[in-house]
Amino acid sequence: VLTDATPALGFTPSTRFSGPLQAIVAGDMADDVVVVLREALSNIARHAHARTAEVDICVHDQLTVEVTDDGVGIGATSRRSGLGDLRARAERHGGTLRVTPNEPAGTRVSWSVPIS
């Protein structure tokens, strides 16, 4: 996913993985992680005008996928179908999606689900 996103972004996102990903994340949850990464990175490429992005995937008590950028932040728009889909995918696993400002600039997308 990161390799596919690099041309549209114009840079390679930094990545960090923590915890036993391969042992715990499989099936539908693994598919959802791929969708979350694709949507978050494509939003950065299309809207953020970012120079950098970071991807952090962590497995401990829960699985968290966090994507941050240093772009212009999330603007006011009535169309958020991609983020709505990510929220629904999190809720299907009993989790959450949070989209917040990233200080000092940009956006933070945090998708978290409990490990069952």
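Strands here are DSSP runs of E, at least two residues; helices are runs of H or I, at least four; both are numbered from the N terminus. The model is predicted, so I noted the terms: local features need pLDDT of at least 70, side-chain atom pairs count only at pLDDT 80 or more, and totals for chains, interfaces and linings use all residues. Residues are numbered from 1 along each chain as its sequence is written, and side-chain values use heavy atoms, leaving out hydrogens and water.

**Hairpin.** I followed β4 into β5. The two run antiparallel, joined by six bridges. They form a hairpin with five residues between them. In the turn, G106 has a positive phi of about 105 degrees.

**Sheet.** I traced the strand order next. It is β1-β2-β3-β5-β4, an open sheet of five strands with mixed pairing. Two strands pair if DSSP finds at least two bridges between them. β1 (14–18) and β4 (96–101) are the edge strands, each pairing on one side only. From one strand to the next, the twist averages 10 degrees.

β1 runs parallel to β2 (residues 53–59), with five bridges between them. T15 stands opposite V55 in β2.

**S110.** Leaving out residues up to four places away in sequence, S110 touches T64, V65, E66, T96, L97 and R98. Contact means heavy atoms within 4.5 Å.

**Helix on the sheet.** I looked at what α3 covers. It lies across β2, β3 (62–69) and β5 (107–114). α3 runs at about 10 degrees to β3. Axes are lines fitted to C-alpha atoms, for helices over the stretch in contact; angles run from 0 to 180 degrees between N-to-C directions.

**Helix pair.** I compared α3 (residues 27–48) with α4 (residues 81–92). Their axes come within 10 Å and cross at roughly 155 degrees. The pair is therefore roughly antiparallel, a label for angles over 145 degrees. The crossing is left-handed: the near helix is turned anticlockwise from the far one by less than a right angle.

I listed the contact residues. D32, V35, V36, E39 and N43 in α3 meet G82, L83, D85, L86, R89 and R92 in α4. By class, I logged four nonpolar, two polar and five charged residues. Asp, Glu, Lys and Arg count as charged; Ala, Val, Leu, Ile, Met, Phe, Trp, Tyr, Cys and Pro as nonpolar; the others, Gly among them, as polar.

Definitions and conventions: Angles under 35 degrees count as roughly parallel, over 145 as roughly antiparallel, 65 to 115 as roughly perpendicular and the rest as oblique.
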